[in-house]
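Dear colleague,

I am handing over the structure we spoke about, and below it you will find my notes on what turned up when I went through it.

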Amino acid sequence: MQSVECTINQILNTRKFILDLVKDLTIGQLNKIPNRFNNNIIWNIAHLTAAQQNLCYVRSGLTVNVADEYVLPFLSGTKPEKYFDELEIESIYNNLLDSLEQFKTDYINGLFLEFEPWDKRYGMKLKTIEDAINFIPFHEGMHIGYIMALKKLV
């Protein structure tokens, strides 16, 4: 369990890095969808929470620990459907960190007893909750790249 906790802490540090990366952007910049892109910076940030909730909680037969409004609109295959205001952005930022802290507690407390295996399109086979946790840094690293690219364009 020690290495899993280290991975969760690594994810938390990555998420703090992302928030630091975008801290000087305006609400307009966070919402802007540049030409040839289908999403924006705030969608990518919210997607990280939604993807982790879906991957870890839903695939384990558990209820997500954030409101559906912060999961369903940000799952893979979705795109921004509205302009997010300052309060919504603050909630997205808070969920990014708080949901992971709750996940760590839930994992340590042994809530994840089941896991529905999933073959990811990246060639990775996730068979356990630990596989899912180890996949998250890869996934979030990809989205850091997207966020950095978007940041240059807004």
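This is a predicted model: local features need pLDDT of at least 70, side-chain atom pairs count only at pLDDT 80 or more; totals for chains, interfaces and linings use all residues.

**The loop between α2 and α3**

With a relative accessible area of 85%, Arg36 is exposed, and its phi is positive, at about 70°, although Arg36 is not a glycine. Ile33 lies in the loop between α2 (27-31) and α3 (41-57) as well, but its relative accessibility is 38%, so that it counts as partly exposed. Together with Phe37 and Leu153, Ile33 forms a nonpolar patch on the surface, and the accessible area of these three residues together is about 250 Å².

Asn31, by contrast, lies in helix α2, and it counts as buried because its relative accessibility is 8%, where the cut-off for buried is under 20%. If residues up to four places away in sequence are not counted, Asn31 touches Asn40, Ile42, Lys82, Tyr83, Phe84 and Ile89.

**How α3 and α5 pack**

Two packed helices are described by the angle between their axes and the distance between the axes. For α3 and helix α5 (residues 129-153), the axes come within 10 Å and cross at roughly 170°; since angles over 145 degrees count as roughly antiparallel, α3 and α5 are therefore roughly antiparallel to each other. On the α3 side the contact is made by residues including Ile41, Trp43, Ile45, Leu48, Ala51 and Leu55, and on the α5 side the residues that take part include Ile129, Phe135, Ile136, His139, Glu140, Tyr146 and Leu150.

**Salt bridges**

The count of salt bridges comes to five, and I describe some of them here. Glu140, which is among the α5 residues in contact with α3, forms a salt bridge with Arg15, with the closest N and O atoms 2.6 Å apart. Because Glu140 lies in helix α5 and Arg15 in helix α1 (residues 2-22), this pair ties together parts that are 125 residues apart in sequence. Both Glu140 and Arg15 are buried.

Glu88 forms a salt bridge with Lys82, the closest N and O atoms being 2.2 Å apart, and Lys82 is also one of the residues that Asn31 touches. In this pair Glu88 counts as buried, at 19% relative accessibility, whereas Lys82 is partly exposed, with a relative accessible area of 43%.

The side chains of Lys23 and Asp20 also meet in a salt bridge, at 2.8 Å from N to O. Here Lys23 counts as exposed, at 54% relative accessibility, while Asp20, with a relative accessible area of 45%, is partly exposed.

**Lys120 and Phe135**

Leaving aside its neighbours within four places in sequence, Lys120 is in contact with Leu126 and Phe135. Lys120 and Phe135 are 15 residues apart along the chain, and their C-alpha atoms are separated by 9.6 Å. Phe135 is also among the α5 residues that make the contact with α3.

Terms used:
Residues are numbered from 1 along each chain as its sequence is written. Side-chain values use heavy atoms; hydrogens and water are left out. Patches are made of residues with over 30% relative accessible area and no salt bridge: like charges are joined within 9 Å, nonpolar side chains (Val, Leu, Ile, Met, Phe, Trp, Tyr) within 5 Å. Accessible areas come from the Shrake-Rupley method with a 1.4 Å probe; for residues, only the protein chains shown count as cover. A salt bridge is a side-chain nitrogen of Lys or Arg within 4 Å of a carboxyl oxygen of Asp or Glu. Helices (H or I, at least four residues) and strands (E, at least two) are DSSP runs, numbered from the N terminus. Buried means under 20% relative accessible area, exposed over 50%, partly exposed in between (1.4 Å probe, protein chains only). Contact means heavy atoms within 4.5 Å. Axes are lines fitted to C-alpha atoms, for helices over the stretch in contact, and angles run from 0 to 180 degrees between N-to-C directions. Angles under 35 degrees count as roughly parallel, over 145 as roughly antiparallel, 65 to 115 as roughly perpendicular and the rest as oblique.
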